[in-house]
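Open the model in your viewer and keep the selection tool ready.

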Amino acid sequence: MNRRDTLRMLGLGAVAMGVPGSVLAAAGDRIPRIAVISLHAPALAADVDGIRQELQKFGYLEGKTIEIESYFTNGDKQRTRDILKDLIDKEVDIIVPWTTATVQIAMEMTRSIPLVMIASDPVQAKLVPSL
């Protein structure tokens with residue numbers, strides 16, 4: 001396994017473990033929605049499939065216990081903001097911003113929806129004070 005694959009698997013596991021059960025349980029009768037968004041190209045779609053697989057290991061089944069939406073904006077920050085605004089207005093249950101720049105935009109736009117970030121070094125990027 002190369003470094004990229006190792007980092008991808010660590011990230012996928014972190015997302016799966018980081019999905020707060022209380023947030024998903026709070027959805028009540030409706031199926032909770034998780035939105036994955038990235039400034040990168042759709043090439044990351046395979047990685048979103050990895051998130052689905054990891055969540056399934058924890059008992060979350062897409063279409064039955066969760067819904068997962070994914071958005072890739074090819075570096076278009078305004079489109080990222082527009083999609084995030086729509087997700088916030090629709091009150092998705094969890095947003096998974098993928099890349100430091102996407103996390104920064106998401107953090108600017110919401111404090112009410114939990115963010116499970118995928119970023120290279122959140123402390124160095126000043127996304128969090130420490131881990």
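A crossing of two helices is right-handed if the near helix is turned clockwise from the far one by less than a right angle. Keep that in mind for the first stop. Note also that this is a predicted model.

**Stop 1: the helix pair.** Select helix 4, residues 77-89, and helix 5, residues 100-109. Their axes lie 10 Å apart, at an angle of about 45°. Helix 4 is therefore oblique to helix 5. The crossing of this pair is right-handed.

Now show side chains. On helix 4, pick Lys77, Thr80, Arg81, Leu84, Lys85 and Ile88. They meet Thr102, Ile105, Ala106, Glu108 and Met109 of helix 5. By type, this contact divides into five nonpolar, two polar and four charged residues.

**Stop 2: Thr100.** Stay in helix 5, where Thr100 lies. Is Thr100 buried or exposed? Its relative accessible area is 19%, so Thr100 counts as buried, the cut-off being under 20%. Beyond residues up to four places away in sequence, Thr100 touches Ile118, Ala119, Ser120, Ala125 and Leu127.

**Stop 3: the cores.** Select Ile34, Val36, Leu55, Ile68, Val96 and Trp98. These have the most contacts inside the largest nonpolar core, which has 15 residues. Colour strand 1 (33-38), helix 3 (45-57), strand 2 (67-72) and strand 3 (94-98): each supplies at least two residues of this core.

Centre on Ile68. Setting aside neighbours within four places in sequence, Ile68 is in contact with Ile34, Val36, Val48, Arg52, Leu55 and Glu62.

Last, select Leu39, Ile83, Leu87 and Ile113, which are among the 12 residues of a second, separate core.

Definitions and conventions: Residues are numbered from 1 along each chain as its sequence is written. This is a predicted model: local features need pLDDT of at least 70, side-chain atom pairs count only at pLDDT 80 or more; totals for chains, interfaces and linings use all residues. Side-chain values use heavy atoms; hydrogens and water are left out. Axes are lines fitted to C-alpha atoms, for helices over the stretch in contact, and angles run from 0 to 180 degrees between N-to-C directions. Helices (H or I, at least four residues) and strands (E, at least two) are DSSP runs, numbered from the N terminus. Angles under 35 degrees count as roughly parallel, over 145 as roughly antiparallel, 65 to 115 as roughly perpendicular and the rest as oblique. Contact means heavy atoms within 4.5 Å. Ala, Val, Leu, Ile, Met, Phe, Trp, Tyr, Cys and Pro count as nonpolar, Asp, Glu, Lys and Arg as charged, and the others, Gly among them, as polar. Buried means under 20% relative accessible area, exposed over 50%, partly exposed in between (1.4 Å probe, protein chains only). A nonpolar core is a set of buried Ala, Val, Leu, Ile, Met, Phe, Trp, Tyr and Cys residues joined through side-chain atoms within 4.5 Å.
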